[in-house]
Structures are given as C-alpha cells and as structure tokens.
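Here's a quick tour for anyone meeting this structure for the first time. Have a look around, then read on.

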Amino acid sequence: MTEDEQAGAEYRKQEEEKRGQKEKERREKQQQKGKDDADSFKVTEDYLLDFAHTKPARMLADLKTHPTRVALQEFVLGIGGGKSSGDYAKLLAGGGPAVLPSTKALQDAFTKYCAALEAQFKALEDQVQAMIDDLESAQGVLKHGGDEALAAAEMIYLVSDVLGGGGIR
C-alpha cells in the first residue's frame, strides 16, 4: 500500500469515527429528550370535555348523515330516495330479471352485502359512542379528584375502556 493510500485510509477511518461519535451523541440526546418528555403529561378536564364533545361527536354525526350512508341504508331497505335520477331502491343490472334471470340473484347478493356493511357501520357508531361515554366518565373522575395527581395505574384504569376500544366494563 502506498503512502497516499495509507493516508486516504487513515482519513476515511477518522471520518467514520467522527460520524459514529456524532450519531452516538444524537441518540443520547434523543433518549434524554424522551426521558424529559415522559416525566409528566397533563390531561385537563377541559381538554377531555372538548375532545369528547367535539371530535368523536362530529364523527358520529357525519357517519349517521353522510349521503353515501343514507344511500346504503336505502339499498338495505329497498326504498329509493328518488331525489335525483340516480337514486334507486335496487341495483339495476342487465335490464331486470325478465331480460337476465341472474339479475335477481345479483340484486339479492348486493342487498345482503349492503346489510353487512350497514351492520359494521352500526358497530362503529356503538364504539364511538362508548368512547364518548368513557371520556366523559374519566372527566368526571378527574373533576372529583381536584388537583391531586393520579398514579399511573389509576390513569390506566381510567382510560382502559378508551384504549381497549370502548365498552369494557
């Protein structure tokens, strides 16, 4: 190995060590920052009330009244909205059963699919409502706790319904 090659190799080695040291310092700094942030977290009753009464409630209202959801419910019930030329009570495929006999089977399968989808939307509504109830319950406990700090176990117990998907009692 020539002298220039040795100098180049030495330089690359030093640069690699510098990068490794900088990366190590960055990781240590990141870990320290995480420790500082993890020491405390404040959840006020106003925050819980605002969150519980605005965000999930707005989602719940949108979910119940969205035009696509309304159309889905109409397909399940077989009642067309009739508000525009595109509103139908059934899936119109192939000119009807008189022209294409499999049309009836397709309409029935589509209605069952819509009913299953509607059941999932209803389950989602129930979960969102349970989350709202859980947040209000946690707010009540925090309100009655005054300015006392809660232990981590108490806080986990308070929000376990929300974290677990709601409705766990």
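Leaving aside its neighbours within four places in sequence, which residues is Glu 125 in contact with? They are Leu 60, Leu 63, Lys 64 and Arg 69, where contact means heavy atoms within 4.5 Å. Keep in mind that this is a predicted model, where local features need pLDDT of at least 70, side-chain atom pairs count only at pLDDT 80 or more, and totals for chains, interfaces and linings use all residues. Residues are numbered from 1 along each chain as its sequence is written, and side-chain values use heavy atoms, with hydrogens and water left out.

- Glu 125 sits in helix 4; helices here are DSSP runs (H or I, at least four residues), numbered from the N terminus.
- Glu 125 counts as buried because its relative accessibility is 9%; buried means under 20% relative accessible area, exposed over 50%, and partly exposed in between (1.4 Å probe, protein chains only).
- One of its contacts, Arg 69, also forms a salt bridge with Glu 125, at 2.7 Å from N to O.
- That pair links distant parts of the chain, since Arg 69 is in helix 3 (residues 67–77) and Glu 125 is in helix 4 (residues 102–145), 56 residues apart.
- A salt bridge, by the way, is a side-chain nitrogen of Lys or Arg within 4 Å of a carboxyl oxygen of Asp or Glu.

- Across the whole structure, a search turns up eight salt bridges.
- In general, side chains of opposite charge can pair when their charged atoms come close.
- Lys 18 and Glu 15 make one of these bridges, with their closest N and O atoms 3.6 Å apart.
- Both of those residues belong to helix 1 (residues 3–38), where they are three residues apart, about one turn of the helix.
- Lys 18 is partly exposed because its relative accessibility is 49%, and Glu 15 is partly exposed because its value is 23%.
- Glu 23 and Arg 26 form another bridge, at 2.5 Å from N to O.
- About one helical turn separates Glu 23 and Arg 26, because they are three residues apart in helix 1.
- An α-helix has 3.6 residues a turn, so residues three or four places apart point the same way.
- Glu 23 has a relative accessible area of 31%, so it is partly exposed, and Arg 26 is partly exposed at 45%.
- Arg 27 joins in as well: Glu 23, Arg 26 and Arg 27 are linked in a network of salt bridges.

- The buried residues in helix 3 include Leu 72, Glu 74 and Phe 75.
- After helix 3 comes Gly 78, with a positive phi near 75°.
- How many aromatic pairs does a search of the whole structure find? It finds two, counting rings of Phe, Tyr and Trp (its six-membered ring) whose centres lie within 6.5 Å; planes under 30 degrees apart are stacked, over 60 edge-to-face and the rest tilted.
- Phe 75 and Phe 110 make an edge-to-face pair, 5.2 Å centre to centre with 85° between the planes.
- Phe 75 is in helix 3 and Phe 110 in helix 4, so this pair ties together parts 35 residues apart in sequence.
- Phe 75 is buried at 18% relative accessibility, whereas Phe 110 is partly exposed at 25%.
- Phe 110 and Tyr 113 form a tilted pair, because their ring centres are 6.4 Å apart and their planes are at 35°.
- Ring pairs link Phe 75, Phe 110 and Tyr 113 into a cluster.

Methods
Helices (H or I, at least four residues) and strands (E, at least two) are DSSP runs, numbered from the N terminus.
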